[in-house]
Amino acid sequence: MSSKVYGRPSSLNDKVFTYCPGCGHGIVHRLLAETLDEMEITGDTIGVAYVGCGAMLYDLFNIDFAFPLHGRAPAVATGIKRVRPEKIVFTYQGDGDLAAIGTTEIVHAASRGENLTTFFVNNGTYGMTGGQMAPTTLIGQKSSTCVDGRDADYHGRPIRMSEMLAQLDGVCYVERVTIDTPKHINDAKNAIKKAFVNQQEKKGFSMVEIISPCPIGWGYNPVDAYAHIKEEVLPFYSLGVFKDR
Amino acid sequence: MSTKQFTKGNEAIAEAAIRAGCMAYYGYPITPQNELTEYMAKHMQRLGRVFIQTESEITAINAVFGSSVAGFRTMTSSAGTAMALKQECISHMSYMELPGVIVDVMRGGPGLGNILSTQGGYNQSKGGGNGDYNVIVLAPNSVQEAADLTALAFDLAEKYRNPTIVLADGTLAQMIELIEFGPEIDPASLPESEEALTGCHGREPRKVAPKNSAMDLEAHNIRLQRKFHKMADSEQRWESLHTDDAEVVVVVFGTPSRMACEMVYEAREQGIKLGLFRPITIWPFPANALLEAVKSAKAIVVLEHNTGMLTRDVRFFTQGKLPVYYHGRMGGCFIDIDEVFSKIKCILNGNDSEWGALNEQQGLWKTF
């Protein structure tokens, strides 16, 4: 007798992912769906999407989803979780959404210690709008709004959200992971699971930052984009647990 | 024994919301609506409900979005310039067909303006966000009516799955009057919406999400417009006073109508045929009722604490059928109703040039 050992997680529907070749969102979606399956929380989870490429996850998951305005996901998630505290509520946000227009919302949701889980997919660019400079864009990195590369004096410096949020007393867990190797993908999945378990245990605000490639936005082929994570991105955005209590 | 109690406008709105089954309130301090937020702070937690003093007006309205999408009655309140911060999400709630109540306690403008009572929020209240949408705007003129319309706002928001605005001003919010509250509704007794996000256990997942294709968004807009037309037909509210035989009809909304009422009573005692028409819904505007109210009139006089926002609507709906005079004050100044009364007498005597003198006297010019 043969048995199926690998397949599409049941938390995902049959719709085809429409992300660019080499995009990290597909991997992160898969890890999220596998975790929802394994924890058997699919039917008790409410997702809050965001404005950016990965936002299409609202249409790909077999869970209830709300679609907020740009940057406001933590405020919407707060409004949901406070009236439905027995449900698992998470936000899935990009770096433009969380680290630029939505900085206020994430800082204060985290500071209040809202019992929420945030997945912060950081690819250092505005993918959906065509590769503009993000708050997370590295010094020297080219984008359509810093065409000769980000200049610290002229464009300002990139922001490390995980390190910043870890300073807040309301935060129980912050970890930065990436998905450039199988080992790192496994680590990322463990972090995602831990962030959900924290919410089940009512420990407060958890965030997992996931460094993710955007080959199109970065101007690399997929293979080189993954190499770029190790060579250029991780030296600035170091992996690790910044808070765990 | 009377169950009436002396209540401040802000607190009456807050208590009415609690009694209407508001499960979650989110607010940010801004004068002149602070007692509303403070009343909620005092009572919501004790009732096992949600109160958050958010970090901004934006987070407050977006948290309202969240509690609404989760299926609960929810509210925020603000004033003046900060209402501008809420418009993005009010428009988005209308798009996503989410109920919610937003209280706008109007203060001075434009911009930061000042903390004093004006009616400069008239235009913004009807829809300050992007795209084609409408919201019902309820404008009370007494503390009792503020409480009643707040309760109604929750019903209308749910009935049409659209945000509803209660448009008060600083005067009403700070005024204390003897009022009676409606019955208390336990939020747990309200039926759960079939649209609410509750986790999809045992059913299909629900998506409160945008329409990304041209065809889908157009179809959605058409559906919304049909809904708005239905709202426009069914939800007009107004008050008429002595308009049947009125030679001049004063059109006024909100608190200045209280002064105007006194003027009408005094005019009638003097045998002067003065009437009053008060739109209670700013949107939908009670246009047919206005036309009915002015059918025997030779002139309309619009009084408002702004530069003529209501006047523009009145001129639009009366289509030049009769002259429309405007007089207003701004910045927190009040209309001098005795002066207005003496000038209305001039209009009745066929000498409307005196009206211009009134404008000049109070530092105003005739708008457009």
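This report describes the interface between chain A and chain B in a predicted model.

Local features require pLDDT of at least 70 and side-chain atom pairs count only at pLDDT 80 or more, while totals for chains, interfaces and linings use all residues. Residues are numbered from 1 along each chain as its sequence is written, chains are lettered from A in the order in which they are written, and side-chain values use heavy atoms, without hydrogens and water.

**Extent of the interface**

Contact (heavy atoms within 4.5 Å) involves 37 residues of chain B and 31 residues of chain A. The two chains bury about 2,700 Å² between them, 59% of it on carbon and sulfur atoms; buried area is the accessible area (1.4 Å probe) that two parts lose on being put together, summed over both.

**Composition of the chain B side**

The residues of chain B that touch chain A divide by class as follows.

| Class | Members of the class | Residues |
|---|---|---|
| Nonpolar | Ala, Val, Leu, Ile, Met, Phe, Trp, Tyr, Cys, Pro | 21 residues |
| Polar | the others, Gly among them | 9 residues |

**Specific links**

The rule finds 4 salt bridges across the interface, a salt bridge being a side-chain nitrogen of Lys or Arg within 4 Å of a carboxyl oxygen of Asp or Glu. The side chains of B:E192 and A:R84 meet in a salt bridge at 3.3 Å, N to O.

Strand β2 (residues 64-66) of chain A pairs with β9(B) in the parallel sense over 2 bridges; strands are DSSP runs of E, at least two residues, numbered from the N terminus, and pairing requires at least two DSSP bridges. Within β9(B), B:K207 is the bridge partner of A:F65.

Note on methods
Helices (H or I, at least four residues) and strands (E, at least two) are DSSP runs, numbered from the N terminus.
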